[in-house]
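Please look over the sequence and the model before reading on.

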Amino acid sequence: MAPSALADIPPPSGRNSPKPAPIKIWTVKEPPFEGFRPIDHEGYRRSTSDTAIIIDNGSSAVRAGWSFDAKPRLLTPPLWAKYRDRKLNRTFTFIGSDVYSDGTARGQAKNVYEPGSNIVNNWDAMEGVLDYCFLKLGVDGANGRIDRPVVMTEPVANLGYARKTMSEILFECYGAPSVAYGIDSLFSYNYNGGRHGLVVSSSYTSTHLIPVVDSKPLLSQTTRLNWGRFQSAEYLLKLLRLKYPSFPGKISDPQAEDLVREHCYVSQDYEHELSHYLDWTGLEDRDHIVQFPYTEQVVVQKTEEELAAAAEKRKESGRRLQAQAAKMRLEKLKRKEEELEYYQQLTQQIQNTTKKEGKRILDSNDFDDESQLEKRIRELEKAVRKARNKDVGDEDEEPQEPPTFPLLDVPDEQLDEDGIKQKRQQRLMKSNYDARQRAKAEKEKEKARLAEEQRLDEERREKDFEGWVEERRIARQAIIQKIKDRERLKAELGNRKSLANQMRMKTIANLASDNPTKKRRRGGGDDDTFGADDADWGVYRTVATGEQSDDEEEEDLNTNLKNIEAQLLKHDPNFNEESTREAQSDWTKSLVHAFLRGPWPYESESQKEAHQLHLNVERIRVPEVVFQPSISGLDQAGIVEIAASILTERLAENPYRKDVMKDIFLTGGNTLFQGFEERLYNELRAVLPAGSELKVRRAGDCVLDAWRGAARWAEKPQSKASFVTRAEFQEKGADYIKEHDLGNAYSY
Amino acid sequence: MAPLTTASDESNHQALLNKLDIYAIRKPFRNPHWKPPQRRNKNVKQIIADAARKESSVMASQTNSGVATPNQQGSEAVTPANGSGRPLNIAQAEQRLSTLVLGKNSRAAMAATTTGPAATYTNIESAPSFHPSSQRRYCDITGLPAPYTDPKTRLRYHDKEIFGLLRTMPQGTTEGYLAARGAHTVLK
């Protein structure tokens, strides 16, 4: 797309390098409240009873003004909100963009038109909008009449009922002296000086193709495609809801229309452009980010000072704790020293008294005999020594010399009861010690074995490199397969009806039931071989689902895979960075990521990014529907096909056919897409006879020229005959119209 | 109190509403005796159905009465704006043997003239496409060209990565994608 994009070449690793941060981020607007519109008396004062009020009664906007105006004085969406405020005990009516001024009004707003069609559906709303038009145009009707003729646009082949009801309102409610109806796109064509041509009018709710010959429309050849800006916006909304199912923001209908208007364009070569739309090169230009309003989760960013203060505080409290601990240790030491002193005194005492007295003293101190007392003193001495060392800070490692067990070699006969006891104790300690030594030796052996294995492995690699690589590759494949299987299982367990889930249910039922399954019994007695194969334990994996059920295992597989890939990377020349699984599943290579998030990484934590929409393929996919309605499931032919059929078949006999081809005229807001003209020209060129002259042009103002055309038409004296007067209305019925070159044909 | 919008604040909101409200404003141009007919809001479907019913009943009564006069020949060339109302009613004209020839002639004339049968809201709708381009297939998820169709979900998809994605989608989502293409199952 952009020339700058061609310069970026993917780095050799095969991963695409992330693009620099997006340059432009689009936003959405709230529906505009245009503010209070003052009543415009000037036009009414200038007008005479012959000056017509021109109303382009469009489904996207109603435009009204006087026939002498250069552009409509009033432009308002056909919205109407009427509700009763119970608190104030008062009824409110708001029209057009005024409904956006207030939340309740917005909620109560109703459209004049049936959604997605060009037929008026809500006549109360229609009356409200007309009230508003006449009010703002300053119509000061005396005795309950507007006293000005009305020219109003209506859809092609308007339904009799809709016209009848409109006439009733205009004549009976507003007392219009005369009324004329016309087709908006024909007014626009007439205003742009067309005589023979094909009017392609793509507007808000529908697209019409009307051949015009000698300034007269061939209404019987007219074709309507039920697609317009409204349907485009609806379609885009549908696509976006599917694309971002958990989008936290709300996209309103007017916003969707804005998105279509701002970001979509007609592709010149849809097939070709589409198939390269999500290519990495230049994606940053094609991908438009639309930011919706969000509130950032407040993560208090601490300043340097605060961090330093916090660290200082932590240190301080640590110091305090240390000091406290030291103090406590000191107290403990003191207590122990006192205790030690006391027991030493006690020994002295015992030695100095009689045996009986000594026994009594021992008893009172909870000792059985002297040896226990001695043991106690030894322990205390040791503890005191240790504590002192610690306090001083130089805790010297006591030399670890292998302990001796002298008593073990002495036969039992030579020992007294005490000795035997001690011997038993020493035996226990010795076995402990031996076990420890054995474990140590085992560890050494294992280390040696691994070293040996590695050596063998290296030897093997040097001898039989092919085989070695093959082995590694197979192992890598196996792990990848395992990971994939696991992912699939996980995905299938999400579906309640899947086979995997049914198997799981069965397993749970089997595990829960007390009696063994029939199958096992038939299989051969009750020799339970569960666990003989490691894979048996997989049963519990299928049973346990949800969070953290298999995180560990996954980690394991991933580290194994990493190891193998590291080895391959180191030694296999054919295996490079690009072939690692990580590189292959890197987000920059993912089409889905490009579709959802453009060429930028996505941070799911970020509220900002969660509230972003990326428009890429949609930008050409949505306007394409006019050319290929089947994309959106609309079972109608596209405009090129219709135009071709009108030009080559239906007008085949017409003497003006060549002239019609020379003027393909575009009007209506939905043709404003960039590239619409060129695309239509190219496609028509391809289907029309070679050498025939073809011209496609656009209305000077696709949106307002219909109104201007109607105003100019109303000013012409010869148009006066086409107005239906009040008397004719009363005589000939409400659906009576007079035919003229820019209006519908009369049918009953 | 109605909720506010960004355009106003608490203090001036009610004043703004009072200013915008057109219910309370006098509308002198309206006929004070105007009473809208009951149930006048109809949707397109209803209107078309009503019109069809009316048309068929008119046709029947005209055929039976025998007093209705057929329009004079050639009236379809003149614009009815200048007077006489309706295009030729062929069915009715053919009822009389004497006008049988006339009916045939006028039908031929109609085919020859550029006007043809009158355009109605329903008959100007574009017909389904027979062009091969309407057979083109696009990925339901991304919109890219789709050479494959998943037989299980009936979704069209672009490549195997998308296939992996659509196989993990819940039922409702795949239906949503089908609905965007108008290919979903509608239960009636």
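A:Lys440 belongs to helix 13 of chain A, which covers residues 417-463. Helices are DSSP runs (H or I) of at least four residues, strands are runs (E) of at least two, and both are numbered from the N terminus. The model is predicted: local features need pLDDT of at least 70, side-chain atom pairs count only at pLDDT 80 or more, and totals for chains, interfaces and linings use all residues. Residues are numbered from 1 along each chain as its sequence is written, chains are lettered from A and ligands numbered from 1 in the order written, and side-chain values use heavy atoms, without hydrogens and water.

With a relative accessible area of 54%, A:Lys440 is exposed (exposed is over 50%, buried under 20%, partly exposed in between, with a 1.4 Å probe and protein chains only).

## An open sheet

Chain A has an open sheet of 6 strands in the order 4-3-2-8-9-18, with mixed pairing. Its edge strands, strand 4 (74-76) and strand 18 (724-725), each pair on one side only. Two strands pair if DSSP finds at least two bridges between them.

Strand 2 (residues 53-57) and strand 3 (residues 62-66) of chain A are antiparallel, paired over 5 bridges. A:Ile53 has A:Trp66 of strand 3 as its bridge partner.

## Two loop residues with positive phi

Most residues other than glycine have a negative phi. A:Asn89 has a positive phi near 55°; A:Asn89 sits in the loop between strand 5 (79-85) and strand 6 (90-95) of chain A, and is exposed at 55% relative accessibility.

The phi of A:Asp214 is also positive, near 55°. A:Asp214 is in the loop between strand 11 (207-213) and strand 12 (216-217) of chain A, and is partly exposed at 31%.
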